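My notes follow, in the order in which I looked things up.

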Amino acid sequence: MTTVPTLTDPSDGRIEDRPTWSELIEEVRESGQYPTTAEAERVTRIVLSALGGHVIGDERVDLARALPEEAARVIASQIPATRPLTAAEFVDSIAARIAGATPATARWDASSVLSVLPKRVGDDLLERILGQLPPGYALLFGRAELASPVE
């Protein structure tokens, strides 16, 4: 895998390797078994823009830093949502953006994109992101969602 060196913090001069946009799209294409790169790119843009409105603060900044510059722009360009959507509402919002989509196909699309992010962003950041979102999102990221202990 080829990575593009990117400056993570101009004040300290450290360089971090990030995947390229084309590498991310190829991972999504394989994950979602999309027949074309163009379809994988379209779905990736839609899902990341939906996610961008729901991840805020330091987590949004760190997510953008961990992803290719094109993905970072898609996430950062979103206006923060006025209320967090449940995972089902999030999937429905994706279905509304894709012509002919059903809740089932939108769930597939969301999972195809979001499930490639954990290895890109790391467990710590993923847990912080999931901590901002209502229950149910972990499954979209390809993670088990454990129930809270009953008190």
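**Confidence.** Strand β1 (residues 3-9) has the lowest mean pLDDT among the elements, 37, while α6 has the highest, 98. Over the protein, pLDDT averages 87, and 85% of the residues score at least 70.

**Ground rules.** This is a predicted model, in which local features need pLDDT of at least 70 and side-chain atom pairs count only at pLDDT 80 or more, whereas totals for chains, interfaces and linings use all residues. Residues are numbered from 1 along each chain as its sequence is written, and side-chain values use heavy atoms, with hydrogens and water left out.

**Layout.** I noted nine helices and two strands, running β-β-α-α-α-α-α-α-α-α-α from the N terminus. Helices (H or I, at least four residues) and strands (E, at least two) are DSSP runs, numbered from the N terminus. Of the 151 residues, 44% count as buried; buried means under 20% relative accessible area, exposed over 50%, partly exposed in between (1.4 Å probe, protein chains only). Of the contacts with a separation of 6 or more, 61% come from residues 24 or more positions apart.

**Helix α2.** Next I looked at α2 (residues 37-52), whose 16 residues reach 22 Å from first C-alpha to last. That is close to the 22 Å expected at 1.5 Å a residue, where the expected span is 1.5 Å times one less than the number of residues. Its buried residues include Ala 40, Val 43, Ile 46, Leu 48 and Gly 52. Which helices cover them? I found α1 (21-32), α3 (57-66), α4 (69-76), α5 (87-97) and α6 (103-114) among the cover.

**α2 with α1.** These two pack at an angle of about 100°, with axes 9 Å apart. Axes are lines fitted to C-alpha atoms, for helices over the stretch in contact, and angles run from 0 to 180 degrees between N-to-C directions. That makes α1 roughly perpendicular to α2 (under 35 degrees is roughly parallel, over 145 roughly antiparallel, 65 to 115 roughly perpendicular, the rest oblique). Among the residues that meet are Trp 21, Leu 24 and Val 28 in α1, and Ala 40, Thr 44 and Leu 48 in α2.

**α2 with α5.** Here the axes come within 10 Å and cross at roughly 135°, so the pair is oblique. The contact is made by Ile 46, Val 47, Ser 49, Ala 50 and Leu 51 of α2 and Phe 90, Ser 93, Ile 94 and Arg 97 of α5.

**His 54.** I found His 54 in the loop between α2 and α3. Buried or exposed? His 54 counts as buried, at 13% relative accessibility. Beyond its neighbours within four places in sequence, His 54 is in contact with residues including Arg 83, Phe 90 and Gln 132.

**Leu 140.** My last stop was Leu 140, in helix α9 (residues 137-140). Leu 140 is buried, with a relative accessible area of 5%. Ala 110 is 30 residues away in sequence but 6.5 Å away in space, C-alpha to C-alpha. Leaving aside neighbours within four places in sequence, the contacts of Leu 140 include Phe 90, Arg 107, Ala 110 and Leu 114.

Conventions: Contact means heavy atoms within 4.5 Å. pLDDT is the predictor's confidence in each residue, from 0 to 100.
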